[in-house]
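Let's take a walk through this structure together, going from one ligand to the other. Have the viewer open and follow along.

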Amino acid sequence: MEKIPAFSTTPIESIPSIVNEVRTTFRAHRTRPVEYRLKQLRKLYWGLKDNEDLILDACKKDLGKSQFETYITEVGWCENDIVFMCNNLEKWVKDESAPDIPLANKLFSPRIRKDPLGTVLIIGAYNFPIQLSLGPLIGAIAAGCTAILKPSENAPNASAALAHIISTSLDPSAYACVQGGIPETTLLLEQKWDKIFYTGNATVGTIIAKKAAETLTPVTLELGGRNPAIVTKGADPRLAARRLLWAKILNAGQVCVSQNYILVDREILPQLVREMEAVLREFYPMGARESPDYGRIVNKRQFQRLKKMLDESSGKILLGGTMDEETLFLEPTVVQVESLEDSLVKEESFGPLIPVLPVKDLDEAIRMANEIDDTPLGIYPFGSKAETDKVLSQTRSGGASINDGFFHASLPTLAFGGVGNSGQGAYRGKASFDTFTHRRSVTTTPSWIESMLAVRYPPYTAKKQEKFASMSALKPNFDREGNFKTSWVGRLLKLGAESGMGAVGRWFLVVLLAAAVRQYLQRQSRL
Ligand SMILES: NC(=O)c1ccc[n+]([C@@H]2O[C@H](COP(=O)([O-])OP(=O)(O)OC[C@H]3O[C@@H](n4cnc5c(N)ncnc54)[C@H](O)[C@@H]3O)[C@@H](O)[C@H]2O)c1
Ligand SMILES: CC1=C(/C=C/C(C)=C/C=C/C(C)=C/C=C/C=C(C)/C=C/C=C(C)/C=C/C=C(\C)C=O)C(C)(C)CCC1
């Protein structure tokens, strides 16, 4: 197996010229042909495949990630993403015919062309250092952009592995990896970009959005959130315990989309905790510390931040609570918390801390969730269909998994992104292509149509305006009170019902009535 190269920051003075080179390549239109893009994606696939061991080793060193987790969430994930892109790209790059065009305007062949945005900057985060860096890069390549990737310096081995894979697999004049932390990223942000794609915390997200605004650069922000899980009285406590624990022990809880706290109906709290205890024993029969499947906190800074959160909590530890700073081990820890002001609820933990807040009913749970964070990245209600529907209709979030912890985020081709505080924009699957693509509206005016277009030219006359209105004015189907207006034929056909479903119901009754009358008449004629 090849050794992971040592992490070394990219020399600051070289950054402007690296950016300049990829921008020049974009301007030379080299990355536009779909064949070029496919070739780069295929090469990246093999770059990953040939370096799987390197990546497994890097993720183990950076985050104590098990081989299984690195495979399903990082290397296997990205390989599949590339194959999916390659299988669909030729279909997606094609012009789309524009929707909602009146028949006469079809003569101008209105269509949507898919243009690459240009030269883009991708800034990755440490917790899924491969997936969160390569996922957007795969989208950028597919869209025909050139790109600079800046992986997180807080996963230094993964950053070095990525730099190696990118420099040996991809066209170096179009794609480059800049390694480093704040000074390097700050200088990168000084350059002109056509899009910045950032994954990480909201404080830095704000810095990036402000900097991008100076040059009207579009941004995608994949941020965090205080994601609630809600467990109602009607939920199955065993199922909720199993699913929510899995969502919090993956990557030792360093998952943007896992639940930050659980609102649980007071009545079933003891059952839920009992089930959690049993599930943890099943997952880790020798304890989490001894398990080769359980990861570690990324570094001392994050470890101390998590320890402080736990120390400052006035909650009661129900399960777990052990830790070891030397090895960055933090046990999955369930804490019963009574206040929304508690340190474990006020901030995103981004670690294996699991505060549970007892609530009196679903209404209280929804009210609390909206008070804590009204636009989290995900929401996870467990309960009956009526209860989970109610949660969806009275909250907002980037995504949601009903009766599960972040299942929606484990589907690789489902668009993924936040809303409000948890971010803007989305990617994965086709959305990764779309997020780096400009949908350019294009028409072609045929020469032979000129005489018909004369109506648009001066001198303007009332007759011309009348003609134009007769061709283009749409008739409203609503009155001055804002009510829907149907013609008498429509009203007759709908048998006076307000809605389509109402009309179906009325027609059904008419048919039933007619059948009954017919049967009655037949019986009468037989007598
Ligand atoms: N929505 C998502 O997909 C997603 C994924 C992962 C993490 N997150 C969120 O990110 C947070 C954790 O990640 P993090 O931010 O601690 O990761 P991090 O420390 O890896 O930082 C993220 C990136 O920001 C850069 N950065 C840091 N300070 C900067 C500055 N001053 N200027 C410019 N760039 C700077 C880093 O170099 C890094 O590349 C959590 O809130 C988590 O929920 C969101
Ligand atoms: C199809 C059949 C079946 C179905 C089987 C199914 C659906 C199995 C599903 C297994 C799953 C979902 C495994 C889970 C994998 C988890 C993954 C990939 C996690 C990913 C996590 C990610 C990407 C985290 C991201 C974090 C971010 C972005 C921020 O930090 C049967 C078996 C039911 C019947 C036969 C047919």
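A polar contact here means a pair of N or O atoms within 3.5 Å. Keep that cut-off in mind as we go, and remember that this is a predicted model.

Let's begin with ligand 2. Its shell holds 15 residues, and those that come nearest are Asn 127, Phe 128, Gln 131, Cys 256 and Phe 407. On its own, ligand 2 has 880 Å² of accessible area, and the protein covers 51% of it.

What kinds of residues make up this shell? Ten are nonpolar, four are polar and one is charged. If you look for secondary structure, helix H4 (67–93) and helix H5 (131–143) each bring at least two residues to the shell. H4 gives the most, with three residues.

The structure has one cavity of 30 Å³ or more, and the volume of the largest cavity is about 50 Å³. H4 and H5 each supply at least two residues of its lining. Trp 77, Asp 81, Gln 131, Gly 135, Pro 412, Tyr 427, Arg 428, Gly 429 and Ser 432 form that lining. By class, the lining residues are three nonpolar, four polar and two charged.

Now turn to ligand 1, which sits in the largest pocket. Helix H7 (182–190), strand E6 (195–199) and helix H8 (202–214) are the elements that give two or more residues to its shell. In total, 26 residues surround ligand 1, and the closest are Ser 152, Glu 153, Asn 201, Leu 223 and Glu 348. The shell divides into 13 nonpolar, nine polar and four charged residues.

Which backbone atoms lie close to polar atoms of ligand 1? A backbone N or O atom of Gly 124 is 2.7 Å from an oxygen atom of the ligand. A polar backbone atom of Glu 222 is 3.4 Å from a nitrogen atom of ligand 1, and for Leu 223 the distance from a polar backbone atom to a nitrogen atom of ligand 1 is 2.7 Å. Taken alone, ligand 1 exposes 850 Å², of which the protein buries 92%.

Terms used
Residues are numbered from 1 along each chain as its sequence is written. Chains are lettered from A and ligands numbered from 1 in the order in which they are written. This is a predicted model: local features need pLDDT of at least 70, side-chain atom pairs count only at pLDDT 80 or more; totals for chains, interfaces and linings use all residues. Side-chain values use heavy atoms; hydrogens and water are left out. A residue is near a molecule or strand if one of its heavy atoms lies within 4 Å of it. Accessible areas come from the Shrake-Rupley method with a 1.4 Å probe; for residues, only the protein chains shown count as cover. Helices (H or I, at least four residues) and strands (E, at least two) are DSSP runs, numbered from the N terminus. Ala, Val, Leu, Ile, Met, Phe, Trp, Tyr, Cys and Pro count as nonpolar, Asp, Glu, Lys and Arg as charged, and the others, Gly among them, as polar. On a 1 Å grid over the protein atoms alone, a cavity is a set of points where a 1.4 Å probe fits but cannot get out, and a pocket is an open set with protein on both sides within 12 Å along at least five of seven lines; lining residues have an atom within 4 Å of a point. Grid points are joined across faces, edges and corners, and a volume is the space filled by probe spheres set on the points. A polar contact is a pair of N or O atoms within 3.5 Å; within protein, one must be able to donate a hydrogen and the other to accept it, and residues adjacent in sequence count only if both atoms are side-chain atoms. A molecule sits in a cavity or pocket if more than half of its atoms lie within 2 Å of its grid points.
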